[in-house]
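Here is a structure to question closely.

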Amino acid sequence: MTRRRWLLGLAALVAVVLVAAGAVVTTRLVSRPSPGPVAGPATPSPSSPAPTTPAPVTTSPTPPPGADLKGPLNLLLVGVDTRVSVPGWEPHADAVLVLHVPAGLGRAYLFSLPRDLVVDIPAYPKAGYPGGRTKLTHAMSYGSRVPGDKAHPSTAQGYELLRTTVSRYTGLRIDAGAVITFGGFDKLVDTLGGVDLYVDQRVASIHRRPDGRYRDRSGSTYTGPQMVYQPGNRHLTGWQALDYARQRYTAGGDYTRQRHQQQLIRALARKILDQGLARDPDRVEQVVAALGRTLVYVGGGRRLVDFAYALGGLPADKFVLVGLPGDAVGSGGSYRGEQLLPVGRDFLAALRGGDADAYLAAHPSLRVRS
């Protein structure tokens, strides 16, 4: 198996860029110095006419960025396997997450779609793609193709086709989103001082040794000591967080990996809120800078700062993690991909209808607890 270095950190976007950038804006708005006192007129002489009291001047406060964003909002968060060292390598969507924020922006639902979900991908003339029914991950790679220039695929263009595909499958309008590659994720977590995470099952790393070095490899086989993540409350460094959340050869396979991705996102959000970034704009700048050029933001005509400010007050404990179960799809005895079970597809319908809480109360197994 080829080494994949995908990034699920768009939690990094939600937890860091959207929340943290909102904190920067908030701090700068509330910390602007107010005008100093205006000197009054000199004390009049007895012969001088009484001064006229000026009428009070009233000004309307400037609304904050994104003040008109009331919800519902849907953000598409994509972690991409992009091998920048390989000329012409097309990006693959290895982590596809949707953050749904209902009207009022007081809570959010985060769910993953399997990378191998069998979906209808629409035609995309810009990339010369005729359309077809295949795995969701391919929407990013097919859409990224630039006719006449195979050496320079377009990640932003791939996102556009993936966004359309996800929107049609879920029935949700996608308002904005981002694609993040592997380059800055471990640095991002280290910039935050690591992350505290509850490991819910024993996970043995395919890729890493206990000291963080990559294991030896012969063909598709890895050899040598393995990093093992034992159940319990753990403090993970950047490389450990990335390594833990990318393992899919575990009990539960890729669905377990999706759960671990969501848990990492929530842990990052809590870390950021606990550090009080809104009171330390310099610290926020460090965190955002850690993303560097690894982030591609697509805002549908809205600035990142608009979404950042709008979502900046969302409490971390109001991030509801939802696991959508699925099973394999076969054809003639061969594996074609994955499909969501009816209980998962019905959750999407409940989400569209504003009945997510009632549906989750009736189907508590969908909530990711740990």
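Accessible areas come from the Shrake-Rupley method with a 1.4 Å probe. On that basis the protein chain exposes about 17,200 Å², and carbon and sulfur atoms supply 54% of it. The model is predicted.

Q: What makes up the protein chain in terms of helices and strands?
A: The protein chain has 10 helices and 16 strands. Of its 370 residues, 49% are buried.

Q: How many aromatic pairs does a search of the whole structure find?
A: Four aromatic pairs turn up.

Q: Why is the pair Y129 and Y142 called stacked?
A: Planes under 30 degrees apart count as stacked, provided the ring centres lie within 6.5 Å. The centres of Y129 and Y142 are 4.8 Å apart and the planes stand at 25 degrees, so the pair is stacked.

Q: What makes this pair of Y129 and Y142 a tie between parts of the chain?
A: Y129 sits in the loop between β4 (118–121) and β5 (132–135), while Y142 belongs to helix α2 (residues 137–143), so the pair ties together parts 13 residues apart in sequence. Y129 and Y142 are both buried.

Q: Why is the pair F347 and Y359 called tilted?
A: Stacked needs planes under 30 degrees apart, edge-to-face needs over 60, and the rest are tilted. The planes of F347 and Y359 are at 50 degrees and the centres 6.4 Å apart, so this pair is tilted. The pair links helix α9 (residues 342–352), which holds F347, to helix α10 (residues 356–362), which holds Y359. Both F347 and Y359 are buried. With F111 they form one aromatic cluster.

Q: How do you know that R208 lies over the face of Y214?
A: The distance cut-off is 6 Å from CZ of Arg to the ring centre, with a further limit of 35 degrees from the ring normal. R208 is placed over the face of Y214, at 4.3 Å from the ring centre.

Q: Which residues of the largest nonpolar core touch the most other members?
A: The core has 38 residues, and those touching the most other members are L76, V78, F111, L162, V166 and F347. Another core, of 20 residues, lies apart from it, with V101, A108, A310 and L314 among its members.

Q: Which residues is V166 in contact with, leaving aside its neighbours within four places in sequence?
A: The partners of V166 are L76, V96, V98, L113, L136, G171 and I174.

Q: How do you know that the span of helix α3 agrees with its number of residues?
A: At 1.5 Å a residue, the 16 residues of α3 (residues 155–170) should span 22 Å, and the end C-alpha atoms are 22 Å apart, so the two agree. Buried residues in α3 include Y159, L161, L162 and V166. G171 follows α3, with a positive phi near 80 degrees.

Q: What makes helix α5 (residues 238–246) mostly covered?
A: Nine of its nine residues are buried. Among them are W239, Y244 and R246.

Q: Why does D254 count as buried?
A: Buried means under 20% relative accessible area. D254 has 18%, so D254 counts as buried. D254 is found in helix α6 (residues 253–274). Leaving aside neighbours within four places in sequence, D254 is in contact with P114, R115 and R248.

Q: How far apart are D254 and D116, in sequence and in space?
A: D254 and D116 are 138 residues apart in sequence, but 9.3 Å apart in space, C-alpha to C-alpha.

Definitions and conventions:
Residues numbered from 1 in each chain as written. Predicted model: local features only at pLDDT ≥ 70, side-chain atom pairs only at ≥ 80, totals over all residues. Heavy atoms only, no water. Phe/Tyr/Trp six-rings, centres within 6.5 Å; stacked < 30°, edge-to-face > 60°. Helix = DSSP H or I, 4+ residues; strand = E, 2+ residues; numbered from the N terminus. Buried < 20%, exposed > 50% of the residue type's maximum accessible area, 1.4 Å probe, protein only. Core = buried A, V, L, I, M, F, W, Y, C linked by side-chain atoms within 4.5 Å. Contact = heavy atoms within 4.5 Å. Expected span 1.5 Å × (residues − 1).
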